[in-house]
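Hi,

Here's the structure I said I'd pass along. Have a look, and then my notes follow below.

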Amino acid sequence: MYLHLGQDTVVKTEDVVGIFDMDNATVSKGTKRFLAVAQKSGQVVNVTDELPKTFVLCHTRKGGSRVYISQISSATLRKRTGYIDHIANV
């Protein structure tokens with residue numbers, strides 16, 4: 001199954017590690033640091049020109065990770081995964 005993150009970007013749901021709300025998750029210094037390091041190392045893919053609402057952390061086929069920045073709310077993305085009953089609201 002695939003998850004549409006916005007514009008022309010889709011990822012396999014099995015590659016998704018987490019879906020995070022930008023407003024809540026970026027309060028943490030650790031999360032801010034993680035996103036800054038990911039940005040500097042070229043692991044961030046911005047799939048929106050609008051105000052970002054969510055970031056999605058995914059595994060890559062090469063064993064690394066990729067962070068997708070999306071304008072779609074975390075609640076909507078969780079619903080799109082089909083696993084809404086198994087994922088706790090964060």
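Let's start with one side chain: is Phe-20 buried, partly exposed or exposed? Phe-20 is partly exposed, because its relative accessibility is 29% (buried means under 20% relative accessible area, exposed over 50%, partly exposed in between, with a 1.4 Å probe and protein chains only).

Before going on, a word on provenance. This is a predicted model, where local features need pLDDT of at least 70 and side-chain atom pairs count only at pLDDT 80 or more, while totals for chains, interfaces and linings use all residues. Residues are numbered from 1 along each chain as its sequence is written, and side-chain values use heavy atoms, with hydrogens and water left out.

**The aromatic pair**

The structure has one aromatic pair (ring centres of Phe, Tyr and Trp, the last by its six-membered ring, within 6.5 Å; planes under 30 degrees apart are stacked, over 60 edge-to-face, the rest tilted). Phe-20 and Phe-55 make up this pair, and they are stacked, with 4.9 Å centre to centre and 20° between the planes. Phe-20 sits in strand E3 (residues 16-21) and Phe-55 in strand E5 (residues 54-59), so the pair ties together parts that are 35 residues apart in sequence. (Helices, H or I with at least four residues, and strands, E with at least two, are DSSP runs numbered from the N terminus.) Phe-55 is buried, at 3% relative accessible area.

**The sheet**

Four strands form an open sheet in the order E3-E5-E6-E4, and the pairing is mixed (two strands pair if DSSP finds at least two bridges between them). E3 and strand E4 (44-46) are at the edges with a single partner strand each, so one side of each has no neighbour in the sheet. On average, neighbouring strands of this sheet are turned by 20° against each other, direction ignored (axes are lines fitted to C-alpha atoms, for helices over the stretch in contact, and angles run from 0 to 180 degrees between N-to-C directions).

Going through the pairings:

- E3 and E5 are antiparallel, over five bridges; Asp-21 stands opposite Thr-54 in E5.
- E5 and E6 are antiparallel too, over six bridges. Val-56 faces Tyr-68 in E6, and Cys-58 stands opposite Arg-66 in E6.
- E4 and strand E6 (residues 65-70) pair in the parallel sense over three bridges. Val-44 has Val-67 in E6 as its bridge partner, and Asn-46 stands opposite Ile-69 in E6.

E5 and E6 also form a hairpin with five residues between them, and Gly-63 in the turn has a positive phi of about 90°. Five of the six residues of E5 are buried, so E5 is largely enclosed by the rest of the structure.

**Helix H3**

Helix H3 (residues 74-81) lies across E3, E5 and E6 and runs at about 150° to E3. Which residues of H3 are buried? They are Ser-74, Leu-77, Arg-78 and Thr-81. Seen down the axis of H3, these fall within an arc of 100°, so they line one face of the helix (the arc is that of the directions from the helix axis to the C-beta atoms). The buried residues of H3 pack against E1, E3, E5 and E6.

Ser-74 has 8% relative accessibility. Leaving out residues up to four places away in sequence, Ser-74 touches Ile-19, Phe-20, Asp-21 and Thr-54 (contact means heavy atoms within 4.5 Å). Ser-74 and Gly-18 are 56 residues apart in sequence but 9.8 Å apart in space, C-alpha to C-alpha. Just after H3, Gly-82 takes a positive phi of about 85°.

**The cores**

The largest nonpolar core has 10 residues: Leu-3, Leu-5, Val-11, Ile-19, Val-47, Val-56, Cys-58, Tyr-68, Ile-72 and Leu-77 (a core is a set of buried Ala, Val, Leu, Ile, Met, Phe, Trp, Tyr and Cys residues joined through side-chain atoms within 4.5 Å). Strand E1 (2-6) and E5 are the elements that give two or more residues to this core. Apart from this core lies another, of nine residues, among them Met-22, Ala-25, Val-67 and Ile-69.

What does Val-47 contact, leaving aside its neighbours within four places in sequence? Its contacts are Leu-5, Gly-6, Gln-7, Thr-9, Tyr-68, Ile-69, Ser-70 and Gln-71.

Cheers
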